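This note is written for a colleague who will read the sequence beside the model. It is arranged as numbered points.

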Amino acid sequence: MHPKWSVTGSPNAANSRFRSTDSSVYRAASGTRTHHTDEWLWNGRGQPCELRKFPVGTAVDKIGLPTEAAAGTILGQTKWHDRIVMKPALQRLHPFPAETITIADAYTTERPPPPGRPWLGLCMVTSLDGSVSIGGSSGGLGNPNDLDVLLTLREISDMVLVGAGTARGEGYGPPSNGKRIGVVTNSGHVDLDTPLFRSGAGFLIAPASANIDETKAQVLRAGVNVVNLGAAVGRLGEVLPSVTYVQVEGGPRLNGALLAGDLIDELDLSISPRLVGGQGPRLTSAAPELDRRFDLAHLLADDDGFIFSRWVRRAC
Ligand SMILES: NC(=O)c1ccc[n+]([C@@H]2O[C@H](COP(=O)([O-])OP(=O)(O)OC[C@H]3O[C@@H](n4cnc5c(N)ncnc54)[C@H](OP(=O)(O)O)[C@@H]3O)[C@@H](O)[C@H]2O)c1
């Protein structure tokens with residue numbers, strides 16, 4: 001069992017039923033589903049560790065996010081085996097220190113949409129030296145709590161936006177909760193035969209010049225040769241009339257363009273306790289030099305050395 005997350009001395013009898021399969025994923029060794037209903041375990045230091053449970057039959061994509069069955073790996077080798085992600089204990093450092101806090105509690109808050117467009121929250125993870133990737137993807141930077149921040153914000157938000165580079169590179173599939181995912185592209189070179197688009201969850205945001213088969217995906221056109229992001233974001237209601245909060249999941253070039261357009265209302269930044277060197281990009285790329293102030297809304301830390309911060313754009 002992972003030494004940091006050993007579950008000795010737990011008051012929860014179900015603990016004895018868990019063993020690790022890797023550093024982040026725990027699988028029920030035996031027993032019935034009724035043994036897995038508790039939300040908390042305790043680690044070796046007596047601190048609570050929250051569990052996130054994906055039931056038998058859940059499909060997950062390659063980074064572990066629940067997705068449509070057609071796109072993912074089905075969990076559950078037998079009918080009793082759930083996949084359980086055990087999360088290192090979490091505490092809040094700011095604004096009011098608290099020893100026991102859940103990610104859902106911390107991130108569920110008011111997000112009043114600015115005039116004429118939805119609220120845009122950017123969710124990213126970086127290394128200590130500012131890289132957003134290791135080995136070409138973000139997966140190696142995260143941990144179960146970081147994944148839960150992403151999932152929780154997806155759940156709370158109305159819609160997800162992502163750059164075409166990230167959608168291509170990170171193998172985006174359709175989310176299990178029916179959310180729409182908008183993929184931003186100038187070229188239109190996006191494979192529309194993937195489960196993301198075949199399911200109807202994916203749509204494109206593209207300029208008028210992009211050559212796209214619109215029988216295969218909904219396309220929101222904005223701009224002539226390059227996407228006019230300000231206009232596109234203001235028209236997301238054409239895709240989902242009730243949209244008020246959009247979760248942006250990178251990558252750096254999309255982030256840079258949103259920053260340049262002053263379209264980032266919130267930054268949910270996870271900091272991974274790693275120095276990684278290499279050529280991985282920063283959080284934003286290709287934006288002109290500018291200076292936008294954000295206020296710290298919360299600061300959480302977990303037992304695994306990760307920091308979870310939420311920043312809100314300071315009103316002018
Ligand atoms: N750490 C994290 O949280 C995190 C999150 C996301 C991504 N990443 C990492 O970031 C890297 C990818 O970086 P990236 O900058 O290439 O990602 P990206 O911004 O997702 O992709 C760039 C591509 O997206 C489209 N695009 C982006 N901004 C656009 C805009 N304003 N208008 C129109 N199209 C736009 C263009 O696609 P076309 O070429 O089709 O025109 C562009 O080539 C990967 O290593 C990935 O793992 C890390």
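The points below go from the sheet to the core, the ligand shell and the local backbone.

1. Basis of the note. This is a predicted model, in which local features need pLDDT of at least 70 and side-chain atom pairs count only at pLDDT 80 or more, while totals for chains, interfaces and linings use all residues. Residues are numbered from 1 along each chain as its sequence is written.

2. The sheet. An open sheet of mixed pairing is formed by 10 strands in the order E9-E17-E18-E16-E10-E15-E11-E12-E13-E14. Helices (H or I, at least four residues) and strands (E, at least two) are DSSP runs, numbered from the N terminus, and two strands pair if DSSP finds at least two bridges between them. E9 and E14 (218-221) stand at the edges, each with a single partner strand, so one side of each has no neighbour in the sheet. From one strand to the next, the twist averages 25 degrees. Here axes are lines fitted to C-alpha atoms, for helices over the stretch in contact, and angles run from 0 to 180 degrees between N-to-C directions.

3. Two pairings within the sheet. Strands of a sheet pair through backbone hydrogen bonds, either parallel or antiparallel. E16 and E18 (residues 307-313) run antiparallel and are joined by 6 bridges; Asp-268 has Arg-310 in E18 as its bridge partner. E11 and E12 run parallel, with 5 bridges between them, and Gly-163 is partnered by Val-184 in E12.

4. Strand E11. Of the 5 residues of E11, 5 are buried. The word "buried" is used if 20 or more other C-beta atoms lie within 10 Å of the residue's own, "exposed" if 12 or fewer do, and "partly exposed" in between, with C-beta atoms placed from the backbone. In a regular strand the side chains alternate between the two faces of the sheet. On one side of E11 the buried residues are Met-159, Leu-161 and Gly-163, and on the other they are Val-160 and Val-162, so both faces are covered.

5. Helices against the sheet. Helix H2 (residues 144-156) lies across E9, E10 (119-126), E11 (159-163), E15, E16, E17 and E18, and runs at about 165 degrees to E10. In H6, the buried residues are Pro-252, Leu-254, Asn-255, Ala-257, Leu-258 and Leu-259. Their cover includes E10, E11, E12 (180-184), helix H5 (229-234) and E15. Two residues are in contact if their C-beta atoms, placed from the backbone, lie within 7 Å.

6. The core. In soluble globular proteins, nonpolar side chains tend to be buried together. The largest nonpolar core has 56 residues, of which Leu-120, Val-183 and Leu-258 touch the most other members. Such a core is a set of buried Ala, Val, Leu, Ile, Met, Phe, Trp, Tyr and Cys residues joined through C-beta atoms within 7 Å. E10 gives the largest share of this core, 6 residues. Not counting residues up to four places away in sequence, Leu-258 touches Leu-120, Leu-229, Val-248, Leu-263 and Ile-264.

7. The ligand shell. Which residues are the closest to the ligand? Of the 31 residues that surround the ligand, the closest are Gly-163, Gly-165, Gly-250, Gly-251 and Ala-257; a residue is near a molecule or strand if its C-beta atom, placed from the backbone, lies within 6 Å of it. E10, helix H3 (164-169) and H6 each supply at least two residues of this shell. The shell divides into 13 nonpolar, 15 polar and 3 charged residues, where Ala, Val, Leu, Ile, Met, Phe, Trp, Tyr, Cys and Pro count as nonpolar, Asp, Glu, Lys and Arg as charged, and the others, Gly among them, as polar.

8. Backbone details. The peptide bond from Gly-250 to Gly-251 is cis, with omega near 5 degrees, and Gly-251 lies in the loop between E15 (245-248) and H6 (252-260). A cis peptide bond, with omega near 10 degrees, also leads from His-94 to Pro-95; Pro-95 belongs to the loop between E9 (90-94) and helix H1 (103-107). Just after H6, Asp-262 takes a positive phi of about 55 degrees although it is not a glycine. Asp-262 is partly exposed, with 13 other C-beta atoms within 10 Å.
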